[in-house]
Each structure stands twice: as C-alpha cells, then as structure tokens.
Amino acid sequence: MYGADLTEIHDLIHESRGKDYGAEARELTRRVRRLRPDARSLLDVACGTGAHLRHFARLFDRVAGLELSEPMVRAARGALPDVPVHAGDMRSFALDARFDVVTCMFGSIGYAADEAELHAALAAFARHLNPGGVVAVDPWWFPENYLDGHVSADVTTVAGRTVARISHSARDGAACRMDVHYVVADARAGARHFTETHRISLFTRASYETAFRAAGLSVEYVPGPHAGRGLFLGAAP
C-alpha cells in the first residue's frame, strides 16, 4: 500500500483528475477558523506526500505531518524540508506536541479496519489537541452512497511522461476493495506496469459521529465538500 512506485506519481495523477489541494486546504481552514478563530498550529495525519501540508504551511504558523508509508514520508520530507513529518500510525501515534487543528484528508480515515480502529484514531487525534482545538476529517464514502463495482480510468501526460490509471472498486463486507492498475511510460525508460490494492472501510455517518463523541469531541457533519464525501468537524472542550 502506497509504495515507492505510487509515491512517485501520486500527486501528478490526482491533480490531473482535478483535485485542487490548495483550494481544499483554504476551504478547510476557513471552516476550522469559524470554530477556532485564533488557530495557529496544525497536524495533518496521513499527510501522504505533503500535498495538502504545503498549502497548510502558508496558512498556519506551525504545521507538522504524520504518515505511515515510508516512501511517502521521504517524499514529504523532501518537498517540505522545514516541516516536521513524522512516521507513524494514525491509530496509535504519540507525539510530544499539541496542535490547534488536527486534519485527516482524502478519505484516509477509511484505512481504519473497523470501528475499534476508528475510535482509536479519533482518540489519538483528540489527545494531540490544545484545549478548544478542532479535528477535521474528510471521510471515505458512506455505505449508502458508495458505488459498488465502480470503474475509473484516467490518462495524463506531463513533461514527457504519460501515466494511465484504471481502478475497479467492489464491496467487500463492511469495506470496499479497490484494485488499481498503473502504466507509466516515458521515452527514456519505456513503459512499466504496477498495481496497488486498497481495502477501505465504509463507515456510516453514525459510526463517525459516535467515534468523535467517544473521543470527547463535539461533532458536525458538513455535506458536499471533497467530491461529495463531506467533512466532519469536531471541537474539544
């Protein structure tokens, strides 16, 4: 999951599909500061290559990232040499720092395998908040709006390199299994193919809200953002 091959092309393929990391970071910051106007520090959990984090770094005085995939940790550190990027698991991490905001973007919370792990992740987020801090979670799809059997295909060419991505996603119990095939080609190296498989939990809205409250956070669901997945906002006392 999220190995070196995918890390190399991750941002390129998603930006070519229309993902605007900067706009998402600015909109989330706007919503967070409605709850915590003086928010100055942010931790981005499951930060990947740092694509959101580089924009958050312009919006907050102090930012940091946390990521499980070692290739993505290296990529984020290379892209953001002045930002601490920690290797760690969102379900169990323990940093010697607290933040006004903790974010988890791009549906990454769905990598919690079950509700116990979802609760563990939200509890870890809450432990890293300053008093009155805010947790913002971009969820994966709810069971009722997940498209079972969905197939997606994209091809993009940038700076002489062409990347093709084809994915198939199917229901797998309380989760979905997404098989993704990539072909990357350029004039020097030729073409290569690799695959990634992801199992992502389909938690209900009620499950998310229960996990927020169990972590001692208030919870509000905002429908619409993030390709329709919405956004959860939780505030600490």
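Visitor: How many residues does helix α2 have, and how far does it reach from its first C-alpha to its last?

Guide: This is a predicted model. In it, helix α2 covers residues 21-35, which is 15 residues, and spans 22 Å from first C-alpha to last. That is close to the 21 Å expected at 1.5 Å a residue.

Visitor: What is found at the start of α2?

Guide: A side-chain oxygen of Asp20 comes to within 3.2 Å of the backbone nitrogen of Gly22.

Visitor: Which residues of α2 are buried, and what do they pack against?

Guide: The buried residues are Tyr21, Gly22, Glu24, Ala25, Leu28, Thr29, Arg31 and Val32. They pack against two helices, α1 (4-16) and α3 (53-59). They also pack against the strands β4 (99-104), β5 (129-137), β10 (220-222) and β11 (231-235).

Visitor: Take Thr29 in helix α2. Is Thr29 buried or exposed?

Guide: Buried means under 20% relative accessible area. Thr29 has 5% relative accessibility, so Thr29 counts as buried.

Visitor: What does the side chain of Thr29 reach, and which residues does Thr29 touch?

Guide: The side chain reaches the backbone oxygen of Ala25 at 2.8 Å. Leaving aside residues up to four places away in sequence, Thr29 touches Phe56, Leu59 and Phe60.

Visitor: How should I describe two packed helices?

Guide: Two values are used: the angle between the axes and the distance between them. Here the axes of helix α5 (residues 115-127) and helix α6 (residues 205-214) come within 8 Å and cross at roughly 45°. α5 is therefore oblique to α6. From α5, the contact is made by Glu115, Leu118, His119 and Leu122. From α6, Ser207, Tyr208, Thr210, Ala211, Phe212 and Ala214 take part.

Visitor: What is the handedness of the crossing where α5 passes α6?

Guide: The crossing is right-handed.

Visitor: Which residues of α6 are buried, and what covers them?

Guide: Ser207, Tyr208, Glu209, Ala211 and Phe212 are buried in α6. Their cover includes α5, β5, β10 and β11.

Visitor: What follows α6?

Guide: Gly216 follows α6, with a positive phi near 85°.

Visitor: Which residue other than glycine has a positive phi?

Guide: Phe106 is one of them, with phi near 60°. Phe106 lies in the loop between β4 and α5, and with a relative accessible area of 25% this residue is partly exposed. Ala46 is not a glycine either, and has a positive phi of about 60°. Ala46 sits in the loop between β1 (41-45) and α3. Ala46 is partly exposed, at a relative accessible area of 24%.

Visitor: Where is Asp61, and is Asp61 buried or exposed?

Guide: Asp61 is in the loop between α3 and β2 (62-67). The cut-off for exposed is over 50%. Asp61 has 67% relative accessibility and so counts as exposed.

Visitor: How far apart are Asp61 and Leu42 in sequence and in space?

Guide: They are 19 residues apart in sequence, and their C-alpha atoms are 8.5 Å apart.

Visitor: Where does Pro84 lie, and which residues does Pro84 touch?

Guide: Pro84 lies in the loop between α4 (70-79) and β3 (85-87). Pro84 is partly exposed, with a relative accessible area of 42%. Not counting residues up to four places away in sequence, Pro84 touches Val63, Ala64 and Gly65. The C-alpha atoms of Pro84 and Gly228 are separated by 31 Å, the two residues being 144 residues apart along the chain.

Definitions and conventions. Residues numbered from 1 in each chain as written. Predicted model: local features only at pLDDT ≥ 70, side-chain atom pairs only at ≥ 80, totals over all residues. Heavy atoms only, no water. Helix = DSSP H or I, 4+ residues; strand = E, 2+ residues; numbered from the N terminus. Expected span 1.5 Å × (residues − 1). Buried < 20%, exposed > 50% of the residue type's maximum accessible area, 1.4 Å probe, protein only. Contact = heavy atoms within 4.5 Å. Polar contact = N/O pair within 3.5 Å; in protein donor to acceptor, adjacent residues only side chain to side chain. Axes fitted to C-alpha atoms, helices over the stretch in contact; angles between N-to-C directions. Parallel < 35°, antiparallel > 145°, perpendicular 65-115°, else oblique. Left-handed = near helix turned anticlockwise from the far one by under 90°.
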